[in-house]
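User: I have a protein model open and I'd like to walk through it with you. Could you help me read it step by step?

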Amino acid sequence: AEYKTKAMVNMINALGGARKPLIVLPEVDSVVIKSCDNIPGAKTALANTINVYDILNADKFIASKAAIEKLEEVFA
């Protein structure tokens, strides 16, 4: 609900941590995007605009269930 970089870092670390995490969103979520802006190496992408380079360049691929469903819809 708030712009909290610390909360986003804690979430990434809870999921195994990574130097270059890719967080895939089903739609624009300004809270998540702003929370990731100050994390070195972290990148956010929308499920309908993601590309292969972003996926291969990431150390960790993080996506919600809604983002996975959107990926299946776009690329199926």
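User: To start, how many salt bridges does the structure hold?

Analyst: The structure holds two salt bridges, where a salt bridge is a side-chain nitrogen of Lys or Arg within 4 Å of a carboxyl oxygen of Asp or Glu. Before we go on, please keep in mind that this is a predicted model, in which local features need pLDDT of at least 70 and side-chain atom pairs count only at pLDDT 80 or more, while totals for chains, interfaces and linings use all residues. Residues are numbered from 1 along each chain as its sequence is written, and side-chain values use heavy atoms, with hydrogens and water left out.

User: Okay, which residue forms a salt bridge with Asp-59?

Analyst: That partner is Arg-19, and the closest N and O atoms of the pair are 3.9 Å apart. The two residues come from distant parts of the chain, 40 residues apart, with Arg-19 in the loop between H1 and S1 and Asp-59 in the loop between H3 and S3. The helices (H or I, at least four residues) and strands (E, at least two) are DSSP runs, numbered from the N terminus.

User: Is Arg-19 buried or exposed?

Analyst: Arg-19 counts as exposed because its relative accessibility is 66%, and Asp-59, at 42%, counts as partly exposed. Here buried means under 20% relative accessible area, exposed means over 50%, and partly exposed is in between, using a 1.4 Å probe and protein chains only.

User: And what about Asp-54, which residue does it form a salt bridge with?

Analyst: Asp-54 forms a salt bridge with Lys-43, and their closest N and O atoms are 3.5 Å apart. Asp-54 lies in helix H3 and Lys-43 in strand S2, so the pair ties together parts that are 11 residues apart in sequence. Asp-54 is buried, with a relative accessible area of 13%, whereas Lys-43 is partly exposed at 41%.

User: Let's switch to the inside. Which residues make up the largest nonpolar core?

Analyst: There are nine in all, namely Met-8, Ile-12, Ile-23, Leu-25, Val-32, Cys-36, Ile-39, Ala-42 and Ile-62. A nonpolar core is a set of buried Ala, Val, Leu, Ile, Met, Phe, Trp, Tyr and Cys residues joined through side-chain atoms within 4.5 Å. At least two residues of the largest core come from each of helix H1 (5–14), strand S1 (21–25) and helix H2 (30–36). There is also a second, separate core of eight residues, which includes Leu-22, Ala-58, Ala-67 and Leu-71.

User: What is Val-32 in contact with, leaving aside its neighbours within four places in sequence?

Analyst: With those neighbours left aside, Val-32 is in contact with Met-8, Ile-23 and Leu-25, where contact means heavy atoms within 4.5 Å.

User: S1 keeps coming up. Which way do its residues point?

Analyst: Pro-21, Ile-23 and Leu-25 point one way from S1, while Leu-22 and Val-24 point the other way, and all are buried.

User: Which strands does S1 pair with?

Analyst: S1 pairs in the parallel sense with strand S3 (residues 60–63) over four bridges, and four bridges also join S1 to strand S2 (residues 43–46), again running parallel. Two strands pair if DSSP finds at least two bridges between them. Within these pairings, Pro-21 stands opposite Lys-60 in S3, and Leu-22 stands opposite Lys-43 in S2.

User: One more, about the start of the chain. Where is Glu-2?

Analyst: Glu-2 is in the segment before H1, and it is exposed, with a relative accessible area of 53%. With neighbours within four places in sequence left aside, Glu-2 is in contact with Val-31 and Ser-35. The C-alpha atoms of Glu-2 and Ser-30 are separated by 9.8 Å, although the two residues are 28 residues apart along the chain.
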